[in-house]
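Here is a friendly briefing to read alongside the model.

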Amino acid sequence: MKLIEKRVVLHFPGFEPLDGVAHRARYERSARQSAAVWGYSVETAAPEAGSDPLSFLVTTAERVAAPEAGTGSRGWQTKIRIHMVDHDTLVSRLRGGNTLSQIIAGFRSCAEIMLEGGMRGYFRHAWRFGLFFLFPFLLTALAIALTAQIAILPYAVGFSPWHMLWSGPLALCFFIFAFLPFSERFHTLHLFADWEMAVALGRMDRPDFNSWLEDRATAVRAALAEEADEYVISSHSMGSSVAAHVIGMLLEREPEIFKGKRVVFATLGSAILQCTLMSSATLLRARVGLIARCPEISWLDVQCLTDSINFYKVPVVAVSGHADAPQAKMILIRVKQMLTREHYRKIRKDQLRVHRQYVLGPDLQAPFDFTLLTSGPMPASVFADPDEKRMPG
């Protein structure tokens with residue numbers, strides 16, 4: 001198998017309050033962990049000045065004892081240019097309002113997803129994802145109900161309504177100073193914004209989002225013009241819906257854009273169905289079909305049993321309405337295989353942390369490694385076969 005000497009990576013991160021600089025720093029840390037586990041060297045360069053999306057070079061190489069002394073060859077070396085196509089701009093916009101406006105927008109998104117059949121689809125295909133959808137809204141609804149009970153308590157027990165002059169402020173203090181700090185440990189308002197973005201990507205009815213996607217498509221088109229042995233388009237969580245829109249846009253305009261290229265589309269803990277199961281998401285479903293039918297693209301859908309925030313063993317292409325198209329290759333991984341027992345025990349009850357493990361560094365050699373997928377010497381397609389080596393023999 002021919003090793004990759006040069007690769008271009010377009011990575012679409014998940015819905016996190018991190019910009020390109022922060023995502024690059026995370027990648028550097030994860031790459032160092034991977035290199036220590038697998039025994040290779042890695043160098044992560046500083047971000048390229050003025051790059052948008054943020055771009056940087058990574059060089060991975062075989063560790064060879066004293067090649068300068070003539071005791072060995074230089075071994076393999078892979079040069080990678082990574083473009084971090086983050087959507088922190090959109091995250092900041094959705095989280096920019098006051099608390100009340102964020103709560104109202106979140107419940108509005110919840111209602112829209114229910115009315116469009118999204119929730120029904122979640123429970124039909126992945127009941128744990130359905131519970132993930134309901135959790136922040138049920139938690140907040142319970143807190144609102146309890147706040148109301150505190151406010152009307154004097155009246156309910158027969159006291160004069162004038163007593164609500166103190167019970168009302170008390171109820172408000174409970175919500176602001178007790179519930180909101182407590183809810184932050186579950187990232188409740190952040191999840192509200194996540195569902196607001198899901199609706200926007202499904203309906204495609206927000207000019208600001210649509211304009212941003214157009215801009216990203218232009219930037220990605222320019223990145224694809226660089227010559228390389230392989231092009232990896234990786235995406236995590238909500239980033240998979242963003243990637244599907246952007247790559248689908250390019251295929252709509254230039255059906256032959258990937259001709260002659262080796263392209264791997266790797267969706268990690270994908271949330272594409274979070275959007276496509278909404279009845280209004282006709283454009284996104286069509287773009288999923290374009291990607292699936294593109295002969296130059298190998299689609300790898302990485303899923304995890306212990307991650308409740310993905311659609312485990314669900315064929316994303318077929319459920320998006322394209323049962324007759326080539327299906328994404330499912331890669332089933334286990335987080336506990338990537339981490340030491342102590343590390344896994346520490347994180348396993350934090351579902352958002354487990355969900356991030358797709359793009360984080362490993363403690364152990366495992367069948368899946370994000371750094372090797374994007375920066376390793378082997379073609380990314382080796383991850384489709386559990387028997388293929390992840391590193392040169």
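A residue is called buried under 20% relative accessible area, exposed over 50%, and partly exposed in between, using a 1.4 Å probe and protein chains only. By that definition, serine 237 counts as buried, at 11% relative accessibility. This is a predicted model, in which local features need pLDDT of at least 70 and side-chain atom pairs count only at pLDDT 80 or more, while totals for chains, interfaces and linings use all residues. Residues are numbered from 1 along each chain as its sequence is written, and side-chain values use heavy atoms, with hydrogens and water left out.

**Aromatic rings**

- The structure holds 21 aromatic pairs; rings of Phe, Tyr and Trp (its six-membered ring) pair if their centres lie within 6.5 Å, with planes under 30 degrees apart counting as stacked, over 60 as edge-to-face and the rest as tilted.
- One of these pairs is tyrosine 122 with phenylalanine 129, which is edge-to-face at 5.2 Å centre to centre and 75° between the planes.
- Tyrosine 122 and phenylalanine 129 are both buried.
- Phenylalanine 129 also pairs with phenylalanine 132: the ring centres are 5.5 Å apart and the planes are at 55°, so this pair is tilted.
- Both phenylalanine 129 and phenylalanine 132 sit in helix α5 (residues 127-156), three residues apart, or about one turn of the helix; helices (H or I, at least four residues) and strands (E, at least two) are DSSP runs, numbered from the N terminus.
- The relative accessible area is 1% for phenylalanine 129 and 13% for phenylalanine 132.
- Ring pairs link a cluster whose members include Phe107, Tyr122, Phe129, Phe132, Trp195 and Phe311.
- Arginine 24 lies over the face of phenylalanine 56, at 5.6 Å from the ring centre; a charge sits over a ring if NZ of Lys or CZ of Arg is within 6 Å of the ring centre and within 35 degrees of the ring normal.

- With a relative accessible area of 55%, tryptophan 127 is exposed.

- Leucine 224 is in the loop between α8 (207-223) and β5 (230-236), and is buried at 1% relative accessibility.
- Not counting residues up to four places away in sequence, leucine 224 touches Leu10, Tyr231, Leu250, Ile257, Phe258 and Lys261; contact means heavy atoms within 4.5 Å.
- Arginine 74 is in the loop between β3 (54-62) and β4 (77-84), and is exposed with a relative accessible area of 64%.
- Glu62 and Val64 are what arginine 74 touches, not counting residues up to four places away in sequence.
- Although arginine 74 and leucine 54 are 20 residues apart along the chain, their C-alpha atoms are separated by 30 Å.

**Backbone points to check**

- Most residues other than glycine have a negative phi, and most peptide bonds are trans.
- A cis peptide bond joins aspartate 52 and proline 53, with omega about 5°.
- Proline 53 lies in the loop between β2 (40-44) and β3.
- Histidine 187 has a positive phi of about 55° although it is not a glycine.
- Histidine 187 lies in the loop between α6 (164-184) and α7 (188-203), and is partly exposed with a relative accessible area of 35%.
- Serine 237 is not a glycine either, yet has a positive phi of about 55°.
- The loop between β5 and α9 (239-253) is the place of serine 237.
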